[in-house]
Amino acid sequence: MIATERLLVWLISLVICLLFFGNHASLGRELQLAALGLLGATAALALIQGKIRQKPLGLNEWVLVSLSLISFLSSMLNNLPYSMQYTVLFTVSITAMIALSRAVRFQELFEMVALSFAVMVGLSILSDPLNYMVGLSAETITGVGLLRYTAFDLHPNLAGFIYGGGTIILWVRALHLTGLKRKLYFLFAALSFSLVLAASSRAGMVATIGAFASVGLSRLFPLSRRKARLLGLVLTATVLALVFTDLGAKVAGYIIKVSDLQSSTRGLTSGGSGRTDLWLQGLELIANRDFLLALFGTGLRSSEVGTIGFSTESSYITVLIENGLLPGTVALVLLLFSMPYYLLRARKGHSDDMLIAMLLTFGLLESIFNRYLFAIGNPLSLYYLFIYGALLRKTYPSPPGAPERAASAHLC
């Protein structure tokens with residue numbers, strides 16, 4: 001790998017690390033701006049060095065660019081300054097992604113992002129190990145309730161999103177490796193998921209498990225005789241273990257505690273912590289809009305609480321409010337179509353396809369309950385821009401003169 005490409009990849013990984021602190025109580029906004037500024041500067045460096053490979057925009061890149069342009073016009077016509085400012089930052093990030101995805105190899109970027117997540121997972125635990133253990137134990141504190149541990153002032157829901165996606169990134173990276181490095185990355189993947197549990201992020205838990213299950217099932221079916229026997233043995237052993245030991249009761253008890261299902265505000269009768277009512281409010285807002293506003297939206301981040309008076313708590317409703325029924329539906333349909341497409345491609349064992357399939361599944365499941373599908377202020381959402389940009393390509397972008405490297409990995 002040429003020195004300039006190595007530098008670009010290291011700079012992008014620094015951006016990822018900085019964004020882990022993007023919600024810090026006192027420095028979060030400044031660190032977010034610094035990270036996005038560094039991303040833009042990295043793209044400019046690639047341009048100056050002549051390392052950007054000429055390649056037509058892919059379908060999803062056109063969609064992202066279109067969303068940015070429509071958002072800017074919508075926010076300007078509706079006099080929403082914050083939306084205009086955010087759209088400018090989003091457009092800079094999209095432009096930088098398009099440039100850098102043609103200057104660094106998809107695989108090289110993934111390897112460095114995985115390393116960044118491993119380092120930050122370790123720091124997340126070491127920054128406050130006592131409260132991490134309390135959060136992981138799922139024991140309630142008198143007068144406080146369940147302690148939802150998060151590092152770096154992250155909201156628990158955002159922590160579940162970041163570390164749930166990090167679990168997938170670290171797991172797929174481990175599949176590339178052998179020996180001690182493989183074991184270490186598997187360990188960091190487990191630690192990353194433990195941070196999801198410690199934050200009691202139910203959306204993160206469901207989305208992470210759903211991503212692993214979807215890829216696992218896509219590789220399992222159609223069943224051969226050998227796979228059918230293996231599946232039967234696994235299911236039989238699991239049932240016997242649950243019936244004849246107290247393991248099932250212990251696991252169920254822990255899940256109930258860590259998910260806070262008995263809470264009066266987060267429990268089974270809370271409507272998803274009030275989400276169902278908020279979703280209905282969001283749909284009602286769309287239904288009562290003027291035709292053009294409903295069709296083209298009011299711009300990125302125009303669905304903030306300060307603007308519409310409530311939080312939508314769903315990326316799907318957020319996208320339809322901010323980007324409109326026409327552009328928003330196109331973007332969502334493209335992502336929803338891409339998920340089964342990449343699940344089928346992942347059956348062949350190519351690590352890039354597996355990574356994209358798992359992250360798409362994770363993001364689309366998590367987005368039912370939270371609003372991080374299109375964002376730039378946290379490390380995972382920013383990396384998602386590179387995933388979105390790679391969608392539906394026959395080959396993944398490589399820099400000029402760099403050989404295409406086939407990297408295969410298989411689920412064990």
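In this predicted model, R301 is a buried residue, its relative accessible area being 13%; here buried means under 20% relative accessible area, exposed over 50% and partly exposed in between, with a 1.4 Å probe and protein chains only. Residues are numbered from 1 along each chain as its sequence is written, and side-chain values use heavy atoms, with hydrogens and water left out. Because the model is predicted, local features need pLDDT of at least 70 and side-chain atom pairs count only at pLDDT 80 or more, while totals for chains, interfaces and linings use all residues.

E304 counts as partly exposed, at 25% relative accessibility. A salt bridge also joins E304 to R371, with the closest N and O atoms 3.9 Å apart. That pair links distant parts of the chain, 67 residues apart: R371 sits in the loop between α17 (351-366) and α18 (379-390), and E304 in the loop between α13 (291-296) and α14. Helices such as these are DSSP runs of H or I with at least four residues, strands are runs of E with at least two, and numbering starts from the N terminus. R371 is partly exposed, with a relative accessibility of 26%. Taken together, R301, E304 and R371 form a network of salt bridges.

The structure holds six salt bridges. Another of interest pairs the side chains of R275 and E313, at 3.5 Å from N to O. R275 belongs to helix α12 (residues 271-287) and E313 to the loop between α14 (305-308) and α15, so this contact ties together parts that are 38 residues apart in sequence. Both R275 and E313 are buried.

The largest pocket contains about 780 Å³ of space. On a 1 Å grid over the protein atoms alone, a pocket is an open set of points with protein on both sides within 12 Å along at least five of seven lines, a cavity is a set where a 1.4 Å probe fits but cannot get out, and lining residues have an atom within 4 Å of a point. Grid points are joined across faces, edges and corners, and a volume is the space filled by probe spheres set on the points. The pocket has 30 lining residues, and those nearest its centre are N23, Q32, Y82, R301 and G377. Two or more lining residues come from each of α2 (28-48), α4 (81-100), α7 (156-176) and α15 (315-323). The largest share, five residues, is given by α2. By class, the lining comprises 10 nonpolar, 13 polar and seven charged residues; Ala, Val, Leu, Ile, Met, Phe, Trp, Tyr, Cys and Pro count as nonpolar, Asp, Glu, Lys and Arg as charged, and the others, Gly among them, as polar.

Two cavities of 30 Å³ or more are present. The second largest cavity has a volume of about 70 Å³, and its lining residues include R301 and R371, along with L300, S315 and F374. This lining divides into five nonpolar, three polar and three charged residues.

A nonpolar patch of about 760 Å² is built from V239, L240, L242, V243, F244, L247, V251 and I255. Patches are made of residues with over 30% relative accessible area and no salt bridge, like charges being joined within 9 Å and nonpolar side chains (Val, Leu, Ile, Met, Phe, Trp, Tyr) within 5 Å; the areas come from the Shrake-Rupley method with a 1.4 Å probe, and for residues only the protein chains shown count as cover. Helices α10 (225-244) and α11 (247-258) each give two or more residues to the patch, and α10 gives the most, with five. F244 is part of α10 and counts as exposed, at 65% relative accessibility.

P156, in helix α7, has a relative accessible area of 15%. L195 lies in helix α8 (residues 179-198) and is buried at 2% relative accessibility.

How values were computed. A salt bridge is a side-chain nitrogen of Lys or Arg within 4 Å of a carboxyl oxygen of Asp or Glu.
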